[in-house]
Amino acid sequence: LVLLLVHASIARTIAANPQVPVDTRRRWAINVRNTMIIIGLAGFVIIWARELQTIALSMVAFAAALVVATKELLMCLGGGLVRSITNSYELGDIIEIGGMRGRVQDITMLGTTLIEIGPRHDSHQLTGKAVTFPNSLLLTQSVVRENFTGDFVMHIVNVPLPYSVRPARAERLLQEIAADVCAPWLEDARRHMAMLEHKLLMDTPSVEPRIALQPTSEKEYRLIVRIALPPRERQRAEQAILRRFLFACFPEDSQHPQADTD
């Protein structure tokens, strides 16, 4: 109230002085008004300092309690934001995170629903189960996107064999079978990978079936075949390769592997 009275008195005095130019009087009035506002704010803080401190502490405590209470919710929202920015996966993608693996069925702000693929990591069949995980896992877990290359993916098939099946013949046989199974889509896969290499400026693997030989113990070795195929053909193609290869190596009408007679 004192400041208002002082401001009104000074403003009246400035306005009643015709000897001073109008621009100068207007500048004086503005300076007086701003000075009074600053003094008023300073007085408000000084007078109510204790009460303002109490309110500030209460607000900080409330904010801290709110953050603690909604931590998981905020982390889920943050995970959803990270997914949107990084485009780590979309609907229909096959992903693996935190031991969960499946096809993305639904994405919300708080969670993601997968149609489980399993039951083991090397299986590619739908189990019929739905798995929902909170998006907060995206802040702490790595996401494996199996179909990153789109219409065609690289697939690995492991075949453990005893040394009684000669590695040279087994490798040659597996190469022939894999090439025959993958032949229907091999050209399309080759064009698709070339398109990705040009569009995304990334190194794409060869789509030709490749086989690696890996000794695992003194009793057995492993053939690792890599093939390119559409994502939905993985289970069928893998089973076709394994059945033809194993049936050729271990015929039912023989007690010993056929490779031993060659």
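Biologist: What joins β7 to β8?
Modeller: A hairpin does, through four residues. Strands here are DSSP runs of E with at least two residues, helices are runs of H or I with at least four, and both are numbered from the N terminus.

Biologist: What sort of model is this?
Modeller: This is a predicted model: local features need pLDDT of at least 70, side-chain atom pairs count only at pLDDT 80 or more, and totals for chains, interfaces and linings use all residues. Residues are numbered from 1 along each chain as its sequence is written, and side-chain values use heavy atoms, with hydrogens and water left out.

Biologist: Which strands make up the open sheet, and in what order?
Modeller: Three strands form the sheet, ordered β6-β8-β7, with antiparallel pairing. Residues 153-162 make up β6 and residues 210-215 make up β7; both stand at the edges with a single partner strand each, so one side of each has no neighbour in the sheet.

Biologist: What is the twist?
Modeller: From one strand to the next, the twist averages 20°. Angles run from 0 to 180 degrees between N-to-C directions, and axes are lines fitted to C-alpha atoms, for helices over the stretch in contact.

Biologist: And how many bridges are there between β6 and β8?
Modeller: Ten, again in the antiparallel sense, with β8 covering residues 220-229. V157 stands opposite V225 in β8.

Biologist: Which helix packs on the sheet?
Modeller: Helix α7, residues 234-249, touches β6 and β8. The direction of α7 makes about 25° with that of β6. Contact means heavy atoms within 4.5 Å.

Biologist: Moving on to helices, how do α5 and α7 pack?
Modeller: Helix α5, residues 167-182, packs with α7 at an angle of about 145°, and their axes are 10 Å apart.

Biologist: Which residues of α5 and α7 meet?
Modeller: From α5 come A170, L173, L174, I177, A178, D180 and V181. On the α7 side they meet A237, A240, I241, R244, F245, A248 and C249.

Biologist: How many residues of that contact are nonpolar, polar or charged?
Modeller: Twelve are nonpolar, none is polar and two are charged. Nonpolar covers Ala, Val, Leu, Ile, Met, Phe, Trp, Tyr, Cys and Pro; charged covers Asp, Glu, Lys and Arg; the others, Gly among them, count as polar.

Technical notes
Two strands pair if DSSP finds at least two bridges between them.
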